[in-house]
Amino acid sequence: QVQLTESGGGVVYTGDSLRLSCLASGRPSNYYTMGWFRRTPGKDREFLADIRESSDMADYAPSVEGRFTLTRDNAKNTAYLQMDNLRPDDTGVYYCGAMPAGGVKYVYWGQGTQVTVSS
């Protein structure tokens, strides 16, 4: 069992940066694949990036690759999503999720944090 808490959202302008944090409490985060997703009005939840429990390498959706960077600090049980060169279409609610080792789906979710990018 793990509880996830996102933070770091806010209102920024086109080209600005934000860093989102996802704190995992309960079972250590290095047991989980950690992922970031977002939901925008009228769209389904969109995968953005994930990083496996035993890896420092992250995978990214084409829409954010080169602009977003996902890292994890297992000592702090925290995953970070550095978002650079933000655009208005990045506006949405950002969620982190945790997939148990060996699992095939995300089981745990945070409450989400709002990101608004104004032009």
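Two remarks on conventions come before the structure. Residues are numbered from 1 along each chain as its sequence is written, and side-chain values use heavy atoms, with hydrogens and water left out. Because the model is predicted, local features need pLDDT of at least 70 and side-chain atom pairs count only at pLDDT 80 or more, whereas totals for chains, interfaces and linings use all residues.

I begin with the rings. The search of the whole structure returns five aromatic pairs; rings of Phe, Tyr and Trp (its six-membered ring) pair if their centres lie within 6.5 Å, with planes under 30 degrees apart called stacked, over 60 edge-to-face and the rest tilted. One of these pairs joins phenylalanine 37 to phenylalanine 47, edge-to-face, at 5.6 Å centre to centre and 75° between the planes. Phenylalanine 37 belongs to strand β4 (residues 32–39) and phenylalanine 47 to strand β5 (residues 46–51), 10 residues apart. Strands here are DSSP runs of E, at least two residues, numbered from the N terminus.

Phenylalanine 37 is buried, at 8% relative accessible area, while phenylalanine 47 is partly exposed at 31%. Buried means under 20%, exposed over 50%, and partly exposed in between, with a 1.4 Å probe and protein chains only.

Phenylalanine 37 also pairs edge-to-face with tryptophan 109, at 5.0 Å centre to centre and 70° between the planes. That tryptophan lies in strand β10 (residues 108–109), 72 residues from phenylalanine 37, and is partly exposed at 29%. Ring pairs link Phe37, Phe47, Tyr106 and Trp109 into a cluster.

Which charged residue sits over the ring of phenylalanine 37? Arginine 45 does, with its charged end 5.8 Å from the ring centre. Arginine 45 also lies over the face of tryptophan 109, at 3.9 Å from the ring centre. The criterion is NZ of Lys or CZ of Arg within 6 Å of the ring centre and within 35 degrees of the ring normal.

I turn to the core. The largest nonpolar core holds 28 residues, and Leu4, Trp36, Leu81, Met83 and Tyr94 have the most contacts inside it. Such a core is a set of buried Ala, Val, Leu, Ile, Met, Phe, Trp, Tyr and Cys residues joined through side-chain atoms within 4.5 Å. Elements giving two or more residues to this core include β1 (2–7), β4 and β8 (78–83); β3 gives the most, with four.

Strand β1 has a covered face, formed by Val2, Leu4 and Glu6, and an uncovered one, formed by Gln3, Thr5 and Ser7. In a regular strand the side chains alternate between the two faces of the sheet. β1 pairs with β3 in the antiparallel sense over six bridges, where pairing requires at least two DSSP bridges. Leucine 23 in β3 is the bridge partner of threonine 5.

Finally, the two threonines. Threonine 78, in strand β8, is buried at 9% relative accessibility, and its side chain reaches the backbone oxygen of lysine 76 at 2.8 Å.

Threonine 91 lies in the loop between β8 and β9. Its side chain reaches the backbone oxygen of proline 88 at 2.9 Å, and the backbone nitrogen of valine 117 lies 2.9 Å from a polar atom of that side chain. Beyond neighbours within four places in sequence, the contacts of threonine 91 (heavy atoms within 4.5 Å) are Thr40, Gln114, Val115, Thr116 and Val117.

Note on methods: Polar contact = N/O pair within 3.5 Å; in protein donor to acceptor, adjacent residues only side chain to side chain.
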